[in-house]
Amino acid sequence: MFDLIIIGAGPAGIAASIYAARKKMNFLVIAKNIGGQAAWSGDIENYIGYQFITGPELVEKFEEHMLKYGIQTKENEEVMELRKKNDKIWVKSDREVYEGKTAIIASGKRSRELGVPGETEFKNRGLTYCATCDAPLFAEKDVAVIGGGNSALDAALQLIQIAKHIHVINITSALGGDEIMREKVAKSEKVSILNSTRVTAVIGDSMVTGIKIKREDKEETLPVEGIFVEIGLSPNSEFAKEVEKNELGEIKVNCQTETSVPGIFAAGDVTNVLEKQIIVAAGEGAKAALMAFRYLAQQK
Amino acid sequence: MNKKVMVYSTPTCPFCTMAKRFLKENNIDFEDIDVSADQTKAREMVQKSGQMAVPVLDVNGEVIVGFDRERIKKALGL
């Protein structure tokens with residue numbers, strides 16, 4: 001039985017692990033990857049100590065710091081369920097079951113999904129959530145970008161350099177995002193913008209061949225080989241069934257990182273703390289580890 | 001034991017950077033293939049892996065999609 005189980009190894013989980021190691025707690029880190037959203041960040045200019053650093057470089061520093069304390073992470077492992085049973089925290093992953101006296105949920109956020117038929121099936125078979133990573137694979141192809149905010153516009157701008165034609169499919173009546181980005185996208189002859197349009201299905205055979213859309217009750221199929229989903233983020237909180245969440249699915253915490261369940265703490269972007277910042281997540285992670293330590297001391 | 005390792009990547013993908021760093025740290029020689037600069041290689045990657053996301057590693061013919069440290073270690077016998 002562990003003193004503490006930390007779920008996630010983004011800035012919050014990593015900070016928690018370093019504090020837990022310094023308190024000599026017997027703990028475990030389970031994470032889908034190391035770095036979380038920070039790894040995907042471009043240029044970071046507001047993490048103190050670094051006037052300029054890229055996301056992957058900052059994560060490399062985080063990892064070095066973890067290694068200094070010999071912290072091992074169960075990487076590429078996903079938590080499926082977390083419950084409190086008879087004063088113990090029970091964590092079931094896609095590989096094993098673990099028990100702990102306390103837990104810190106620092107599982108962050110992921111790209112929000114469309115929730116339409118074909119989406120899961122064609123993920124990484126033409127449908128992607130990372131334009132920055134995968135856009136170069138769509139040279140001279142017709143593609144669709146789903147979304148109408150800055151991240152969708154940014155994906156469209158990257159694709160203008162690469163793809164043949166880009167359909168921007170936006171559910172609202174006009175594009176959001178920054179004026180300067182909208183102008184750049186609208187100016188390109190390669191882009192067509194479809195407002196008030198929703199995606200109803202992703203279709204294909206071995207790879208994506210098209211997308212079904214609906215506009216004013218009229219359904220049609222656009223032939224595309226690439227689909228870039230850029231519709232925001234959702235918290236990775238589904239596995240924590242018992243803790244209280246807000247309407248966005250974010251785990252509610254008080255200023256001490258306590259959730260509604262004693263012994264379960266949460267930190268970083270998965271929580272309802274408004275500021276989604278690397279430095280804030282790291283600070284909250286540190287607080288959560290110290291709180292878990294204090295909680296254990298009080299139980300004795 | 002020398003194994004032939006290829007990494008299909010794009011310059012902007014963080015997990016490509018991490019995968020390459022991991023190989024370097026373990027003193028593994030590899031061929032770095034930038035699929036954003038070479039469309040033939042991009043098609044080759046899609047054919048090999050049956051999917052369209054980077055990174056893809058080819059370790060002596062074993063195809064690994066994504067930066068999966070444990071699988072890479074196993075394939076390399078680390």
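Biologist: How many residues of chain B are in contact with chain A?
Modeller: In this predicted model, 17 residues of chain B are in contact with 17 residues of chain A, where contact means that the C-beta atoms of two residues, placed from the backbone, lie within 7 Å. Residues are numbered from 1 along each chain as its sequence is written, while chains are lettered from A and ligands numbered from 1 in the order in which they are written. Local features need pLDDT of at least 70 and side-chain atom pairs count only at pLDDT 80 or more, whereas totals for chains, interfaces and linings use all residues.

Biologist: Which helices of chain B supply the side that touches chain A?
Modeller: At least two residues each come from α1 (14-25), α2 (39-49) and α3 (69-76) of chain B, and the largest share, 3 residues, belongs to α1(B). Helices (H or I, at least four residues) and strands (E, at least two) are DSSP runs, numbered from the N terminus.

Biologist: OK, what about the sheet in chain B, in what order do the strands come?
Modeller: The order is β2-β1-β3-β4, an open sheet of 4 strands with mixed pairing, and two strands count as paired if DSSP finds at least two bridges between them.

Biologist: Why is one side of β2 and of β4 in chain B left without a neighbour in the sheet?
Modeller: Both β2 (31-34) and β4 (62-65) of chain B stand at the edges and have a single partner strand each, so one side of each lacks a neighbour in the sheet.

Biologist: And how many bridges join β3(B) to β4(B)?
Modeller: There are 4 bridges between β3 (residues 56-59) of chain B and β4(B), and the two strands run antiparallel; in β4(B), Val63(B) is the residue opposite Asp58(B).

Biologist: Which strands does α1(B) touch?
Modeller: Packing on the sheet, α1(B) touches β1 (5-9), β2 and β3 of chain B, and its direction makes about 160° with that of β1(B). For such angles, axes are lines fitted to C-alpha atoms, for helices over the stretch in contact, and the values run from 0 to 180 degrees between N-to-C directions.

Biologist: Switching to chain A, how is it divided?
Modeller: Chain A has domain 1 (2-111 + 233-299) and domain 2 (127-229), with bounds from an automatic or database domain assignment. The centres of these two domains of chain A, taken over C-alpha atoms, are separated by 33 Å.

Biologist: Which residues is Val143(A) in contact with, leaving aside neighbours within four places in sequence?
Modeller: Among them are Phe138(A), Leu159(A), Ile166(A) and Phe228(A).
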